Amino acid sequence: MNKSKNLLGLYIHWPYCESKCPYCDFNSHVNESIDIDLWIKSYTNQIYQMKEDIIEYNLNYDGLSSIFFGGGTPSLMPLEIIESILNISYKLFNFNRDIEISLEANPSSYEIEKFVDLKKLGINRLSVGVQSLNSKNLHFLGRLHNVNDVYNALDHATKTFDNVSVDLMYAFHGQDINLWIDELESFLKRYDLKHISLYQLTIEKGTKFFTDYKKGLIQLIDNDLAADFYTKTNMILSKYHFNRYEISNYSKINFECKHNLNYWNSDNWIGIGPGAYGRLWTSNTKLQRIEYQNYKNPKSWVNQNVNYCSFEKIKMLNTYDTDVDTLSMGLRLEKGFRISRLIDRKLIKSKQFKTLQDKKIIFEKDGFIVLSKNYLIKLNSIINFLMND
Ligand SMILES: C[S@@+](CC[C@H](N)C(=O)[O-])C[C@H]1O[C@@H](n2cnc3c(N)ncnc32)[C@H](O)[C@@H]1O
Ligand code: SF4
């Protein structure tokens with residue numbers, strides 16, 4: 001680590017949703033009644049503890065560079081909780097002048113007044129979980145909203161916020177590629193979006209889709225067709241001036257998600273709330289990273305934190321784990337990662353590196369290691385190849 005100031009982000013997890021989507025393996029649970037005061041106390045205790053730790057570890061930072069309310073569905077969060085978290089974090093950490101404060105919202109939990117109130121509280125980036133632009137596919141995904149809800153939510157979101165991002169999922173078995181391209185294009189024409197996260201549907205263990213898949217009730221898309229979806233989608237996005245700066249993330253110039261860049265660049269962030277994790281460099285010279293892991297179950301998390309802060313696990317990451325993280329996160333980015341961020345460069349085997357360099361799969365540029373755009377899709381196998389003789 002160099003002597004310049006470090007970036008510091010804050011992630012807040014809100015674990016509740018109106019219903020559980022059949023594909024989702026995030027730490028999300030169907031809404032239940034909560035005691036707002038207890039939740040405020042628990043979040044607050046965690047923020048105070050993190051401030052103490054950051055002083056102890058001598059982390060050199062200016063103020064928070066980003067805050068991200070993620071979930072679950074944080075647009076369902078009581079406003080008092082959001083307000084308390086923002087007030088306390090400002091008091092303890094201060095905010096950088098250009099801080100990005102994002103919140104994830106679902107079109108089905110949308111209320112115009114809430115968007116305006118969220119903006120008044122300081123949220124300056126809204127990430128809307130659109131997921132699909134087609135009511136049939138929204139139904140397949142088990143979402144509670146339809147396409148009219150999407151347009152309604154986006155009309156208000158783009159009027160209220162300058163910086164609006166959407167999450168979309170595509171490339172399902174049976175999805176019509178031409179229809180998808182038309183839907184995407186008319187959507188991009190209609191709204192001045194700054195950022196898009198775009199995911200191909202994956203079937204995760206433990207979800208309803210996984211059970212359905214095992215029973216043969218749903219199928220995976222054919223690889224060639226998935227590649228076709230990917231190529232055509234990229235063409236449309238670049239036509240509308242979206243740059244793919246990370247495997248699944250696209251933005252207009254200067255609207256990359258600062259908070260997520262923190263993860264991909266292996267910087268520092270605090271993670272509070274059920275299941276959230278945080279990582280910090282422990283000092284400017286020791287080159288060690290510490291990881292904080294929260295209790296996953298919402299009730300256990302509140303009970304464990306309401307009187308004083310308690311993490312489920314805190315561990316020092318060893319050099320190998322730290323470097324694997326730097327490599328695998330950094331190569332996801334279009335610009336790659338700074339070689340000097342590796343503590344032990346021997347993680348990358350030089351013979352393997354040269355093989356990939358000769359094939360123009362990987363290259364070095366201005367002190368960064370970069371994966372060629374066309375190979376981002378093969379990231380995992382390339383990382384394995386680089387690390388093993
Ligand atoms: C934490 S979730 C978003 C929160 C918000 N509640 C929502 O549903 O819009 C982050 C994003 O991951 C994506 N996602 C979740 N599960 C996925 C899966 N199995 N395959 C592909 N994308 C998935 C969705 O696009 C989702 O918006
Ligand atoms: S609304 Fe979002 S977080 Fe909640 S279950 Fe659905 S995908 Fe998961």
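**Ground rules.** I noted that this is a predicted model, where local features need pLDDT of at least 70 and side-chain atom pairs count only at pLDDT 80 or more, while totals for chains, interfaces and linings use all residues. Residues are numbered from 1 along each chain as its sequence is written, chains are lettered from A and ligands numbered from 1 in the order in which they are written, and side-chain values use heavy atoms, with hydrogens and water left out.

**Overall form.** I checked the radius of gyration next. The chain has 21 Å, which agrees with the value near 21 Å for a compact globule of 389 residues; the radius is taken over C-alpha atoms, and the globule rule is 2.2 Å times the number of residues to the power 0.38. Along its principal axes, the C-alpha trace spans about 60 × 55 × 45 Å.

For secondary structure I found 13 helices and 17 strands. Both are DSSP runs numbered from the N terminus: helices are H or I with at least four residues, strands are E with at least two.

Of the 389 residues, 55% count as buried. Buried means under 20% relative accessible area, exposed over 50%, and partly exposed in between (1.4 Å probe, protein chains only). Among contacts with a separation of 6 or more, 71% are between residues 24 or more positions apart; contact means heavy atoms within 4.5 Å.

**Charges.** I looked up 47 positive and 45 negative side chains, and the centres of the two sets lie 5 Å apart. Lys and Arg count as positive and Asp and Glu as negative, with His and the chain ends not counted. The place of a charge is NZ of Lys, CZ of Arg, CG of Asp or CD of Glu.

**Domains.** The chain is divided into domain 1 (8-261) and domain 2 (320-389), with bounds from an automatic or database domain assignment. Their centres, over C-alpha atoms, are 28 Å apart. At the meeting of the two, 7 residues of domain 1 are in contact with 7 residues of domain 2.

Most residues other than glycine have a negative phi, and most peptide bonds are trans. With that in mind, I went looking for exceptions.

- Gly71 and Gly72 are joined by a cis peptide bond, with omega about 20°. Gly72 sits in the loop between β4 (64-71) and α2 (79-93).
- Asn94 has a positive phi, near 70°. I placed Asn94 in the loop between α2 and β5 (95-105), and its relative accessible area of 39% makes it partly exposed.
- Asn254 also has a positive phi, of about 70°. Its loop runs between β10 (249-251) and α9 (258-264), and Asn254 counts as exposed at 65% relative accessibility.

Is Tyr230 buried or exposed? Tyr230 is in helix α8 (residues 223-239) and counts as buried, because its relative accessibility is 16%. Leaving out residues up to four places away in sequence, Tyr230 touches Tyr170, Gln200, Arg244, Ile247, Tyr250 and Ile377.

Gln200 belongs to strand β8 (residues 195-200) and is partly exposed, at 28%.

**Ile218.** I found Ile218 in the loop between α7 (208-214) and α8, buried at 14% relative accessibility. Beyond four places in sequence, Ile218 touches Phe140, Ile203, Phe209, Asp212 and Tyr213.

**Ser310.** My last stop was the loop between α10 (298-305) and β14 (313-317), where Ser310 lies. Ser310 is buried, since its relative accessible area is 13%. Apart from neighbours within four places, Ser310 is in contact with Gln46, Tyr295, Gln304 and Asn305.
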